[in-house]
Amino acid sequence: MSTDLPTVTRLAEPVVDASDMTTFYRHGWHSWSPTGWVSPDEIVRPISDRDQRLGHDDPVFALETNVSGSGFGVGRSDDGHAVLLGSLDPGARVLPANGTLVGKSELPDPYWVVIEGSVQDVFAAYASALVDHLGGRQRGHQRVWCSWYSYYEDVTADAIEAEIDAVGDLGFDVIQIDDGWQAGIGDWVPAGDFAGRMPELAERIVGSGRRAGLWLAPFIARSDTLLATTRPELLLRDEEGSPVTAGINWGGPFFALDPTSSATQEYVASVIAEVRQWGFDYLKLDFLYAAAFPGRHESPMARESAYRDGMSIVREVAGDDCYLLACGAPIIASVGIVDGIRVGPDVAEFWHDPKLTALADFSGRGARNAIATSSQRLWLRDVLDIDPDVIYIDESEHRLEPSTVDALVALAQITGFTGVSDRLGVLSVAERVRLASLLDAEPIVVQRDWGAWSVDGSTFNFPKMVGTDSELGRSVA
Ligand code: 9PG
């Protein structure tokens, strides 16, 4: 990064000239939302399936056919000159229009800025302005073992015990239990063999010199849970008074909670206090975008302000030293509150899911979408810890090309966030040796160009490797 960053100029009116723009950086709303360079004139094909659309990007803009981005947008000309229009106050949208960039916001008087310069400098200056305005929180290197990608919802306390037994002196900072320990999405009560064992599990992990991690989704409730059925006052309502569905998963719809309601705030505070009491000091908070969904708030305010209020309570109750990893989370609105954030869709053992690609949904799981989105968000390294999701060590657990496996490892090394989910006890000796050396490595990382990086002398050109969304879309049409 150059020391002389371009000037960040405050603007009263969110309109700037970008007449030489040939590509537009579309910044996706939350962790899984597609992000990257597109033609400013591209006609967006809205996802036809309503359910599928819910978790993709900001629902307010889900049916628009013009390109736009969340929080800010950047126009780039062929000679590498860039102009960024953005808001430092969360809750904005920026779109290219007839050679200009235009912003709109749900806030009455947001802090608009314009930044001009080379592409990388413009992003670096914006990153630094975001930290100044919203606060910086960064912990650096995180090496996390997480249960999701090998156990999914079938995780058990016995399995976690077995992983703790198997981890030995591998250089993990965190051992994190993912989705599957709880009675229901909203019913954050240990179920199955987890019942009564949460403090003991946390203690064993912390006793091994690591943080004890736990997954939860504090701002949603599956429709059939005790929470949704017995505490209806927590649910965000639409104009007709019906609960707002924020997505479909776990075999049914899940509702958004209203983060501005005092009942929700008390509930969320009690959940966070309880998991902290058990001894967990690393929380992976998922499906957070639901807390910024549109609806009739008990205390009316802009959606991302509502989200920040809800998340501030989480931070306050969790305490400053608890690591908060946001997932499925609005990016800009999370800055200054959480320590780390997932910056792409879930990795999977396959390249892409043709069914989702055919729907023009590039937020779905798969190595391709994960690499495509995470690699376009590496500028966020200067703002908070960024998590590109897991790498694969166990060769029998995926069907990815060696170059894809290498690209995932490179992203872990560039971000300094190494997630691993393989069952540690079944790794071959060679795999375990490789994992140990990856966790201990201090790679030399150099950014060559926007999407091109060198890691210990090997070059990775991520955009070239994944191609554009439209190209991939056409390949399955
Ligand atoms: C646990 C998982 C893992 C994973 C998270 C998140 O759109 N969807 O329906 C959808 C479902 C699951 C999902 C992402 C999107 O994965 O990213 O690491 O914690 O939840 O359920």
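Q: How many disulfides does a search of the whole structure find?
A: The search finds zero disulfides, a disulfide being a pair of cysteine sulfur atoms within 2.5 Å. Please note that this is a predicted model, in which local features need pLDDT of at least 70 and side-chain atom pairs count only at pLDDT 80 or more, while totals for chains, interfaces and linings use all residues. Residues are numbered from 1 along each chain as its sequence is written, and side-chain values use heavy atoms, with hydrogens and water left out.

Q: Is C146 buried or exposed?
A: C146 is buried, at a relative accessible area of 5%. Buried stands for under 20% relative accessible area, exposed for over 50%, and partly exposed for what lies in between (1.4 Å probe, protein chains only).

Q: And what about C322?
A: C322 is in no disulfide either, and its nearest cysteine sulfur, again that of C327, is 16 Å away. C322 is buried, with a relative accessible area of 0%.

Q: Moving on to charges, how many salt bridges does the structure hold?
A: There are 23 salt bridges, each being a side-chain nitrogen of Lys or Arg within 4 Å of a carboxyl oxygen of Asp or Glu.

Q: Why can such side chains pair?
A: Opposite charges on side chains can pair when the charged atoms come close.

Q: Which residue forms a salt bridge with D469?
A: The partner is R26, and the closest N and O atoms are 3.6 Å apart. This pair links distant parts of the chain, 443 residues apart: D469 belongs to helix α15 (residues 469–476) and R26 to strand β3 (residues 23–26). Helices (H or I, at least four residues) and strands (E, at least two) are DSSP runs, numbered from the N terminus. Both D469 and R26 are buried.

Q: What about R342 and D346?
A: Their side chains meet in a salt bridge, with an N to O distance of 2.4 Å. R342 is buried at a relative accessible area of 1%, and D346 also counts as buried, at 18%.

Q: Changing topic to backbone angles, which residue has a positive phi of about 65 degrees?
A: That is A360, although it is not a glycine. A360 sits in the loop between α10 (354–358) and α11 (367–375), and is buried with a relative accessible area of 14%.

Q: And what is the phi of D456?
A: D456 has a positive phi of about 50 degrees and is not a glycine. Its place is in the loop between β26 (452–455) and β27 (458–461).

Q: Finally, where does D78 lie?
A: D78 lies in the loop between β6 (72–76) and β7 (81–87). D78 is exposed, with a relative accessible area of 70%.
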